[in-house]
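I opened this entry to go through some helices, a strand and the charged pairs. My notes follow in the order in which I looked things up.

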Amino acid sequence: MEILLFSLGTHELFGINVFKVREVGDTPDITRTPNMPHGVEGLISLRGNVIPVLSLATVMQLKDAPPGRGASMMVAEYSKRNLGFLVHDVDRIIRVDWEKVRAPDAATGSAHAYISAITELPDGRLVSILDVEQIMSNTFGDSVVGQIDPMEGGEGLNVFFVDDSVVARRKIAEVLDKLAVKHKYAHNGMEAWTRLSGMAAHAQQAGHEVRDELDLILVDAEMPEMDGYVLTRNIKSDRRFDGIPVVMHSSLSSEANHAMGKSVGVDAYVAKFDAEALSHTLRSQLQKHATH
């Protein structure tokens, strides 16, 4: 995992998954517009596209942040939406092992509501990794999940999904509810693997197969404590889970990420957050599993 480090002018150090950043540059001229959400400074035109620009320090309510817009802007992408983040300054890109990334706790600072994970630099400083989905959702609202027809026999199907984002878990659950499919979830890869292993052990003790109780596993690619690639490799290398399709759900839609998913054995790969694509993929994989 590669993280772009940046500062908001406070004592805290922040990071964002570099794959979610389209570009970094100086703070541009911003056109102020009325009735914008809290923290949104205005709009800019970027290669023919008009995108909103927000002050991260304002949105995250960092009271000790210096005044002004900051010197740099990062353009982040999520669910086909672009957003400019104004920051004090951009530091550098670092590589971090997922094993060294942990879930945050309530004591990580004033911005903890927008933090998806924590990691530590070699010098001992902590880095709070931003939850881009949460920032976009809190600022502009959730994307609307449209009409999804329920699956025939969906009440007899069971899906287990894992995602470290509160927003993503809420939207995934909404899609599954519209499909009329039962579901359970975990908050990160390590928790998911612990729960799945427990389900498999319980099934063995009861004398039946876990695939009789579980029809599909949906994994996020980027998670603290164990990422979706390691989790999928664990699932696919454990014969107790034979026959259960694994779908990878990720905001990283590059060919390289698709190739990584394929290399660990995912049965399908779908980009965040396209509710129509997700429901279509889940429906197809669940129907395929039901016929075997």
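Which side chain meets that of Arg-47 in a salt bridge? I found Glu-23 there, with N and O 2.0 Å apart. I note at the outset that the model is predicted.

**Entry 1: charged pairs**

I placed the two partners next. Arg-47 sits in the loop between β4 (40-46) and β5 (49-55), while Glu-23 belongs to strand β3 (residues 21-26), so the bridge ties together parts that are 24 residues apart in sequence. I looked up the exposure of both. Arg-47 is exposed, at 61% relative accessible area, and Glu-23 is partly exposed, at 27%.

I then asked how many salt bridges the structure holds. The count is twelve. I looked at some of the others.

Arg-92 bridges to Asp-91, and the closest N and O atoms are 2.8 Å apart. I have Arg-92 down as partly exposed, with 35% relative accessibility. Asp-91 is partly exposed as well, at 38%.

Asp-242 pairs with Arg-239, and here the closest N and O atoms are 4.0 Å apart. The cut-off for a salt bridge is 4 Å, so I kept this pair in the notes. Asp-242 is partly exposed at 33%, whereas Arg-239 is exposed at 70%.

I also noted a network of salt bridges that links Arg-32, Glu-41 and Arg-69.

**Entry 2: helix α4**

I checked the length of α4 first. The helix has 18 residues (189-206), which at 1.5 Å a residue should span 26 Å, and the C-alpha atoms at its ends are 26 Å apart, in agreement.

Which residues of α4 are buried? I list Gly-189, Ala-192, Trp-193, Leu-196, Ser-197, Ala-200 and Ala-203. Viewed down the axis of α4, these buried residues fall within an arc of 130 degrees, so they line one face of the helix. On the face turned away from the buried side I found the exposed residues Thr-194 and Gln-205.

I looked up what covers the buried residues of α4. The cover includes the strands β11 (158-162), β12 (182-186) and β13 (216-220), together with helix α5 (228-236).

I finished with the two ends. At the start of α4, a side-chain oxygen of Asn-188 comes to within 3.1 Å of the backbone nitrogen of Met-190. After the helix comes Gly-207, with a positive phi near 80 degrees.

**Entry 3: strand β11**

I took up β11 again, as it is part of the cover of α4. Four of its five residues are buried, so β11 is largely enclosed by the rest of the structure. How do β11 and β12 pair, in the parallel or the antiparallel sense? They pair in the parallel sense, over five bridges. I noted that Phe-160 stands opposite Lys-184 of β12.

**Entry 4: helix α7**

I ran the same checks on α7. Its 16 residues should span 22 Å at 1.5 Å a residue, and its end C-alpha atoms are 22 Å apart, which agrees.

The buried residues of α7 are Ala-275, Leu-278, Ser-279, Thr-281, Leu-282, Gln-285, Leu-286 and His-289. They cover an arc of only 165 degrees around the axis, which puts them on the same side of α7. I found the exposed residues Glu-276 and His-280 on the face turned away from the buried side.

What covers the buried residues of α7? I noted that the cover includes β11, α3 (166-178), β13, β14 (246-250) and β15 (268-271). At the N-terminal end, Asp-274 caps the helix, with a side-chain oxygen 3.2 Å from the backbone nitrogen of Glu-276.

**Entry 5: two serines**

I picked Ser-279 out of α7 (residues 275-290). Ser-279 is buried, at 8% relative accessibility. Leaving aside neighbours within four places in sequence, I found Ser-279 in contact with Ile-148, Val-175 and Leu-179. Its C-alpha atom is 9.2 Å from that of Asp-149, 130 residues apart along the chain.

I then looked up Ser-72, which lies in strand β6 (residues 72-78). Ser-72 is buried too, at 12%. Beyond its neighbours within four places in sequence, the contacts of Ser-72 include Gly-25, Asp-26 and Thr-27, and also Phe-85, Leu-86 and Val-87.

Conventions:
Residues numbered from 1 in each chain as written. Heavy atoms only, no water. Expected span 1.5 Å × (residues − 1). Buried < 20%, exposed > 50% of the residue type's maximum accessible area, 1.4 Å probe, protein only. Arc of directions from axis to C-beta. Contact = heavy atoms within 4.5 Å. Polar contact = N/O pair within 3.5 Å; in protein donor to acceptor, adjacent residues only side chain to side chain. Pairing = 2+ DSSP bridges.
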